[in-house]
Amino acid sequence: MAYEQYEDRIRLEKQTNKKVNQTSPYCDFIYYESSRTPGIMLAARIVKPEKPGYILAGTHGWHMGIRGFKPMDQPLTDNLYLKVEVDMRGRPHSEGEEDCNGWELYDIIDAIQYARLHYADYIVDPDVIYFESGSGGGGNAFAIAGKFPDTFAAVTSLCGMSDYALWYNQDEVGEFRDELDVWIGCSPDDNPMAYRSRSGLETVGNLRTPIYIVHGEVDSRVPAEHSRRFVAKATEKSKGSLIHYRELPGVGDKGHWSNATAETMAIIAAESEENRRNHRLPVHLPSRGSLTVAGYVFTRLFSIVLDSIDKVAILEYDMNHNEFEVYCEIECRFTLTVGGESFIRNAVQVDRGENR
């Protein structure tokens, strides 16, 4: 894994190339339409294995986008995966507007669906899907595991942000605040719930997927406090058994991997691969339970979409009796989709912290 792709110190410029799929024996650059925002075209880089493998999806750094097309006539050495590298909405190769873990996370799901359809011959099992990414993509990893709790068999988050309000307030030089103000549309003081909705920390209780987490101890751009808080809350929510956390002493500064040795990076790659290798079966959601809905939650059995991506609610469900109840701190409507049918309902308004 080329971890330098997550060092997002360079802001990439928007590309204006004509959106035409480009192909080669082992690497394609494709475009697909968003299912959540019809009419916008999104980009992904597809790296094909020599033999059929599992799907490994990922994104890029905060200020970045995926690499442009470069033909590959030979397979990557020891590549076991059909790699789906997603260019998030509004980024250099994709249309639309950035929204910081809003519907941009569904762009990843759309890309995976595209790969399942168009690259079936390269896939061992279309139901076993992995995700790995770092920096801004590490923040995507924390959130996607909670918003799609039974989609991924294993996830790797590298130097990711788990709490965007915390990150906003830690950004003393304004390197990220300017984008957070636009991508979320406000500051955390103006709308704390909008920041909660986008933060993986909010949906830790939804976890069913094993997560391998790595952070440099002295990372100044995404402080290790983000991973520490995620791990602590996972433990608090009885999800600690799903977490493998490695903090790298003395590693970090302006570059996430500053001071890391080649040996250290090799260990990270090996442990991330071990997390995938040890989890070769799809995750299954229990037939009844409770989930935090941060804007939305999608499962294999049903989905809940709130009337705003900025809202957070609690879902209590029982598939055995086809019962779904949503509780929110503020007035909220939601769309429930189950068994191919959709229903619009009102959430029950409760005080924050009320025990549901």
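Modeller: A salt bridge is a side-chain nitrogen of Lys or Arg within 4 Å of a carboxyl oxygen of Asp or Glu. By that criterion, Arg45, Arg67 and Glu85 are linked in a network of salt bridges. Please bear in mind that the model is predicted.

Biologist: How many salt bridges does the structure hold, and what makes the pair of glutamate 104 and arginine 91 one of them?

Modeller: There are 20 salt bridges in the structure. For glutamate 104 and arginine 91 the N to O distance is 3.1 Å; the limit is 4 Å, so the pair qualifies. Glutamate 104 belongs to helix H1 and arginine 91 to the loop between S4 and H1, 13 residues apart, so that the pair links distant parts of the chain. Both glutamate 104 and arginine 91 are buried.

Biologist: What makes lysine 311 buried and aspartate 307 partly exposed?

Modeller: Lysine 311 has 14% relative accessibility, which is under 20%, so it counts as buried. Aspartate 307 has 44%, so it counts as partly exposed. The two form a salt bridge, with their closest N and O atoms 2.9 Å apart.

Biologist: How do you know that cysteine 159 is in no disulfide?

Modeller: The structure holds zero disulfides. The cysteine sulfur nearest to that of cysteine 159 belongs to cysteine 100 and is 16 Å away; a disulfide requires sulfur atoms within 2.5 Å, so cysteine 159 is in none. For cysteine 186 the nearest cysteine sulfur, again that of cysteine 100, is 10 Å away, and the conclusion is therefore that cysteine 186 is in no disulfide. Cysteine 159 counts as buried because its relative accessibility is 0%, and cysteine 186 counts as buried because its value is 14%.

Biologist: Why are strand S1 and strand S8 said to stand at the edges of the sheet?

Modeller: Eight strands form an open sheet with mixed pairing, in the order S1-S2-S4-S3-S5-S6-S7-S8. S1 (27-33) and S8 (243-253) each have a single partner strand, so one side of each is left without a neighbour in the sheet. From one strand to the next, the twist averages 20°.

Biologist: What makes strand S6 and strand S7 a pair?

Modeller: Four bridges join S6 (residues 154-158) to S7 (residues 211-219); at least two are required, so these strands pair. They run parallel. Threonine 156 has tyrosine 212 in S7 as its bridge partner. Helix H2 (residues 136-147) packs on the sheet, touching S5, S6 and S7.

Biologist: Why is asparagine 275 called buried, and which residues does it touch?

Modeller: Asparagine 275, in helix H7 (residues 262-277), has 11% relative accessibility, which is under 20%, so it counts as buried. Not counting residues up to four places away in sequence, asparagine 275 touches Ala154, Val155, Pro210, Ile211 and Tyr212.

Terms used:
Residues are numbered from 1 along each chain as its sequence is written. This is a predicted model: local features need pLDDT of at least 70, side-chain atom pairs count only at pLDDT 80 or more; totals for chains, interfaces and linings use all residues. Side-chain values use heavy atoms; hydrogens and water are left out. Buried means under 20% relative accessible area, exposed over 50%, partly exposed in between (1.4 Å probe, protein chains only). Axes are lines fitted to C-alpha atoms, for helices over the stretch in contact, and angles run from 0 to 180 degrees between N-to-C directions. Contact means heavy atoms within 4.5 Å.
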